[in-house]
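Hi,

Here is the structure I promised to pass on. Have a look at it first, and then read my notes below.

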Amino acid sequence: MNTHEHEHSTAHSPGQAVAALSASVPPSELALGFSDVSMRFPDGTEALSGVSLSLLRGEFVSIVGPSGCGKSTLLKIASGLYPHTSGEIRVDREHLGYTFQDATLLPWRKVRGNVELLMELRGYPAAERRRVALEQISLVGLDGFADHYPKRLSGGMRMRVSLARSLALNPSVFMFDEPFGALDEITRERLNDELLALYLRKGFTGLFITHSIPEAVYLSSRVVVMSRRPGRILETFEVPFGYPRGPELRYRADFAALCGEISVSLRRAIEE
Ligand code: ADP
C-alpha cells in the first residue's frame with residue numbers, strides 16, 4: 001500500500017519541485033522530502049523560504065539555526081499541523097512520530113495511560129495497547145513506573161514517556177523538536193545515548209531540531225544549518241562517524257573540529 005502523500009502547490013511551479021525531488025533520490029529511498037517549500041503565516045510572517053531537504057531511509061539529520069528561523073514550523077508542516085504555502089512535501093503521515101520540547105503528558109493519566117494515548121486515538125484494541133505500552137515503557141528504561149503519574153517523574157523520565165508514546169506506533173520517520181533542550185547536561189547526554197540505541201534498534205529515519213551543536217553531531221549522519229527567518233538551508237555537514245557511537249566520541253579531536261566548523265557556520269547564519 002502506498003500511503004505517501006504527494007502534496008503539490010499551485011503557487012510555485014510544482015512540476016519543477018517534483019522533478020527536483022525525484023531526480024536526486026529514487027522514491028523508494030526517500031523517507032521525508034521537502035522541495036522548495038515556503039511558508040507564510042496568515043498574518044504575513046514569512047517563516048520559510050525555499051527549503052529543500054531530502055532524508056533517505058534510515059538517515060538521522062539534525063537541524064540547527066537561529067531562534068525563530070522556522071525550524072518548528074518545518075516539522076509542523078511536515079506533520080500536517082500547519083499548511084505550507086508552496087513547494088512539495090513527501091511524507092508518510094501514517095507512520096510519522098513527533099516529540100516536542102515539552103513532554104505534553106496528560107497529568108491525570110498514569111505512565112501507561114499516556115503511552116497508550118496515540119494507540120487509543122488510532123483505535124487499537126485494549127489488550128494490544130497494554131502489551132505494546134508495557135514493551136515501550138521497558139524499552140525507554142521505565143520498567144516499574146507504568147503506574148506512576150507524571151508529576152512523580154523527573155524531566156528526563158517524562159521525556160522518556162513521551163518517546164515511548166510515539167514509539168508505540170512504530171514510526172518509520174521520527175521528528176524531534178528540541179526534546180532534550182530543557183534537561184540538564186548529564187541527563188541530556190544519557191538520553192542521547194538511549195535515543196541512539198533506539199534508533200539503531202528500530203531503524204527509523206530521524207529529523208532532530210536542537211540548539212546544541214555537539215548534540216546534533218553526536219546523533220546525526222548529517223547536520224544542516226538554517227538561515228535566519230525566512231528559514232532556508234544554508235549549509236550541510238556530513239558527519240563521518242559510524243554507528244554505534246559511544247560517549248568517548250564526544251572527547252575526540254575530530255568531533256570537536258566538526259562542532260567548531262558548524263559553529264562558525266551557525267554564527268554566520270545568525271549574523272548575516
Ligand atoms: P524556531 O523553531 O526556528 O525557533 P518557529 O518555527 O517556531 O521558529 O517560528 C518561526 C517564525 O514564525 C518566528 O518568527 C515566529 O515568531 C513566527 N511564528 C510562529 N508561529 C506563528 C503564528 N502562528 N503566526 C505568525 N507567526 C508565527
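Let's start with strand β6: which of its residues are buried, on one side and on the other? On one side Leu-96 and Tyr-98 are buried, and on the other Gly-97 and Thr-99 are, so both faces of this strand (residues 96-99) are covered. Buried means under 20% relative accessible area, exposed means over 50%, and partly exposed is in between, with a 1.4 Å probe and protein chains only. Strands here are DSSP runs of E with at least two residues, helices are runs of H or I with at least four, and both are numbered from the N terminus.

Before going on, please keep in mind that this is a predicted model: local features need pLDDT of at least 70, side-chain atom pairs count only at pLDDT 80 or more, and totals for chains, interfaces and linings use all residues. Residues are numbered from 1 along each chain as its sequence is written, and side-chain values use heavy atoms, with hydrogens and water left out.

**The sheet**

Strands of a sheet pair through backbone hydrogen bonds, either parallel or antiparallel. Two strands count as paired if DSSP finds at least two bridges between them. β6 runs parallel to strand β7 (residues 173-177), joined by four bridges, and Thr-99 stands opposite Phe-176 in β7. Both strands belong to an open sheet of six, in the order β6-β7-β8-β4-β9-β10, with mixed pairing. β6 and β10 (233-238) are its edge strands, each pairing on one side only. Inside the sheet, β4 (residues 60-64) and β8 (residues 205-209) are parallel over four bridges, with Val-61 partnered by Leu-207 in β8.

**A hairpin**

Strands β2 (residues 30-40) and β3 (residues 46-56) run antiparallel and share seven bridges. One of the bridge pairs is Leu-30 with Leu-56 in β3. Five residues separate the two strands of this hairpin, and in the turn Gly-44 has a positive phi of about 100 degrees.

**The ligand**

What surrounds the ligand? Its shell includes Phe-41, Asp-43, Cys-69, Lys-71, Thr-73 and Arg-229; a residue counts if one of its heavy atoms lies within 4 Å. A polar contact is a pair of N or O atoms within 3.5 Å; within protein, one must be able to donate a hydrogen and the other to accept it, and residues adjacent in sequence count only if both atoms are side-chain atoms. An N or O atom in the side chain of Thr-73 is 2.5 Å from a ligand oxygen, a backbone N or O atom of Cys-69 lies 3.1 Å from one, and a polar side-chain atom of Arg-229 lies 3.3 Å from one.

Most residues other than glycine have a negative phi, and most peptide bonds are trans. Asp-36, in strand β2, has a positive phi of about 55 degrees although it is not a glycine, and it is partly exposed at 28%. Glu-178 has a positive phi near 45 degrees, sits in the loop between β7 and α6 (185-202), and is buried at 15%. Arg-229, from the ligand shell, is joined to Pro-230 by a cis peptide bond with omega about -5 degrees. The bond from Tyr-243 to Pro-244 is cis too, with omega near 0 degrees.

Enjoy exploring!
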